[in-house]
Structures are given as structure tokens and as C-alpha cells.
Amino acid sequence: MSAPIRLSSARLSRPFVAQVERISGQKLLACYQCGKCSAGCPMAAHMDILPNQIIRLAQLGMSEKLQACDAIWTCVSCMTCNSRCPKNVKIAEVIEAIRETVLRTNQRQDRLKLGDIPRETLAALPPIALISSLRKLSS
Amino acid sequence: MKLSYYPGCTMKNAARNFDETTVSSLARLDVEVKELDRWNCCGTVHGLASDDLIHLAAPVSNLIRAREEDASEFMTSCAMCYNTLKRANQRVRASKETLSTLNDFLSLEETNYQGDVEVRHLLEFLRDRVGFDRVAARVVKPLTGLKVACYYGCMLVRPTEVAFDDSENPRVMENLATALGATPVPFPAKTECCGAYHVVDRPDIVARRTERIVGSAHDHQADLVLVSCPLCAHNLDHRQADAKRLNPDFHHLPVLYFTQAMAIALGCADAALDLDLHHIAPQPVLADRGLG
Ligand code: SF4
Ligand code: SF4
């Protein structure tokens, strides 16, 4: 069984919550956890935490869990969730904001490093793939 | 009719057949395409962070290029460029402050951007300005018997502010295909993401998506898939061998740009099609339908 999540009111007012709301321009508490975002997400099968759960954990200020999960990097900003959310929450923007909280530290925690891509792979990829992946996955 | 045109980086490289068939098929429709001088990469994706303004500089400098050529609008056929350029335009138009920040960033430009250039996608231009009836009238080699699955992916239909058709069930590409004499098939996966840039870091995800999307096209009896994005084209074409490994019942289907279908139907020279650039060869099915 995974470790229990400990909630506390102090977390709700952590700077992380305000930072995610500021960068994303979203009010996290608008989400009422209907799950529609996760139901239509084409990446959900590859995620360790589902989109609605990401929003829930963000509401609760669970920064450590969110910053360490894979799902924030798996989300590909396809915008399916945004166009379907009944509360007009821009989920993709929230996930981008969480990625930014990782990429904006001074530790260069890039998810993708150009030097790590094998030469043959690089040669076979069109510019559009390389530029977009580096835009989304590196600082 | 004259039309300013923004091609985009991949169109001059892996997707040069998309570029060439855009220009050659428009010529058949009496549209003279003028490629913008000194265009630059649009950045490929729109930054979603509310404080990310620097990534608007690349798309906005392209809007300035159009303005400097006295163009009040320009067209692109790449879905990703369209999305990025259009969203940047919407963003600077929505706020005087953002617009002036951008003009400050771009202070070496001789022209200040005023928000007065429109970004159009080729499908939108064909529907609204040329008209599909006029396209149909120019067809010399109808795509009779060719069953096509029209794939939109994400960038033409989401977010809803950039869509020029219904976000859940767009029809514009099907309507064009019909005008060309082809038969569009029902295609439930037409707006599902192909995995996009994950081809770089998670090609396994793109293989899964390809298996699902091309598999759905095949289930609906399509002969090939039509696309409007060089990244979708790359993914859906090049990941089919991996899709076959995931599912032995998977059937390979060629992936063509919608402009290639237009170029064939409008009788453009074969050279522009560059069919050798494709991974899954389109020649057999085209020859089978008498279109080779
Ligand atoms: S669709 Fe909107 S309201 Fe529903 S769970 Fe997702 S973010 Fe929350
Ligand atoms: S934007 Fe991200 S979370 Fe939303 S549906 Fe697409 S991949 Fe899933």
C-alpha cells in the first residue's frame, strides 16, 4: 500500500499553491473533481497520477509528490481536458505551471537534455519534434 | 488572388512535400502564393505560463514581417505553426500592456506590431475564400474510390479559441476530400493526440497512439490517413513498425498531407509530391486507384 497522504491546513496556504495559481492563471479550488479531464486524456494510460488527481494534489499543496511524479512530464498539452472541463479549469496550464516550478529552480533539473539524445535519433527527427520537446521539457 | 504565406521550418526540410504541394495546388486554384521574406521559426508551441512573454517574440516577429509587406493576413498550412502564431496574436491583442512589452522586446524591429495581421490556416482559407465548389470545379483527376481518414490531431481544433471548425467533430478536411472526389470515412480518433514531441523522449507512447489512431482508420476501411501537421505525419508514419510489434493485427496505412491529395486531384506535377519521403509507401494504394 502506498504511504498515507497527510493533510494539514498549513499546506493549503503554502507558497507553492499561490505560485501554481499565479503561473497558470487558474483558481485551483474551481475544480470539483468530476474526473472528466482524466476520462478523455490520451496520455492517462501512461501517467502515474491522473490529471484530476494532479489538480487535487495542487489544491492541497502537495508539492513534493507533484514535482517528483512522471505525469507532469507525460502531459503533452493536447488541450483535450481544457476544452471539456465543465468548470473551465485550464488543466494543461496548471500542469505547465508545476513543470515550471521544477524547471525554474537553479538546479537545471531538465527532463530532456540534448546531449543525451543519440546522434542517430537526432538525425531521424524533424526540427518540429526537437524544438517542441526542448521547449516543453527543458529550462 | 494573392496570398502571403508562412511555411515554417519543417516544411523546408522533412515536410518539403507539404510545402511544395501547398504552393503548387494553390497555383491551380489561381492563388498566387508569396512567401514572407525573412520569416523565422514560430517556436512550435505556445507557452502556457501566464508570465511567459519572451516566447511570444518569435511568432510576433513573423506578424511584423507580414505587416512590413503590407499583408493584413497570411496563411500557413502547418497546424502547429498555425496554432502558435494564432495564439501569440490573440495574446498580444488581448492586452495593450503585453503588446507594448513585446514591442519593447523587439525594439530592433523597424515596425511596431499593432495587432492588425490575421493568421489563417490553409483549410480555413480554402473553405472561406476559395470555396470547395470552386476546388471541385478544378479537379482533373478525381480521387474516386479513395477512402480517406481525415486526421486533425490537436492543433487545428484546440484550444477552442483557435479552432475554425467544431472542436469535437470537425468536418472541414472531409469536405475538402469530398470536393476532390475522395470518400471520407467515419474516423472517431480524428482529434486524438498522436503523442506529439514525446517521439523524442517517449517513443513508446507515440507507438501506442499510432496503433490506436491508424488502427481506427483501418477499422473504418480507410486506404490512407490525411494530415495537416508535419509532427503528426512523422509520428503516424514512422512509428507504424513499432505499432505492429505492439499489435500483430495492425495494418500499415500511408499518411499523406491533405495538400498532396489536392495536388494529385488538381493535376500538379508528380515531383512536388515527393512520395519517396514517406516511410509507408503511398504508391501501391494510389496506383491501385488509378492515381499513381
Ligand atoms: S474536468 Fe475540471 S472540474 Fe472536472 S476534475 Fe478535471 S479539472 Fe476538475
Ligand atoms: S493537456 Fe495533458 S492532461 Fe490534458 S488531456 Fe492533454 S495530455 Fe491529458
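1. A salt bridge here is a side-chain nitrogen of Lys or Arg within 4 Å of a carboxyl oxygen of Asp or Glu. By that rule, three salt bridges cross the interface of chain A and chain B. One of them joins the side chains of R22(A) and D51(B), at 3.3 Å from N to O.

2. This is a predicted model, where local features need pLDDT of at least 70, side-chain atom pairs count only at pLDDT 80 or more, and totals for chains, interfaces and linings use all residues. Residues are numbered from 1 along each chain as its sequence is written, chains are lettered from A in the order in which they are written, and side-chain values use heavy atoms, without hydrogens and water.

3. Contact (heavy atoms within 4.5 Å) links 36 residues of chain A with 37 residues of chain B. The two chains bury about 3200 Å² between them, 65% of it on carbon and sulfur atoms. Buried area is the accessible area (1.4 Å probe) that two parts lose on being put together, summed over both. In chain A, H46(A), I128(A) and R135(A) lose the most area to chain B, together 21% of what that side buries.

4. Which elements give two or more residues to the side of chain A that touches chain B? They are α2 (15-24), α6 (71-74), α7 (80-84), α8 (91-103) and α10 (127-137) of chain A. Helices are DSSP runs (H or I, at least four residues), numbered from the N terminus. The largest share, ten residues, comes from α10(A).
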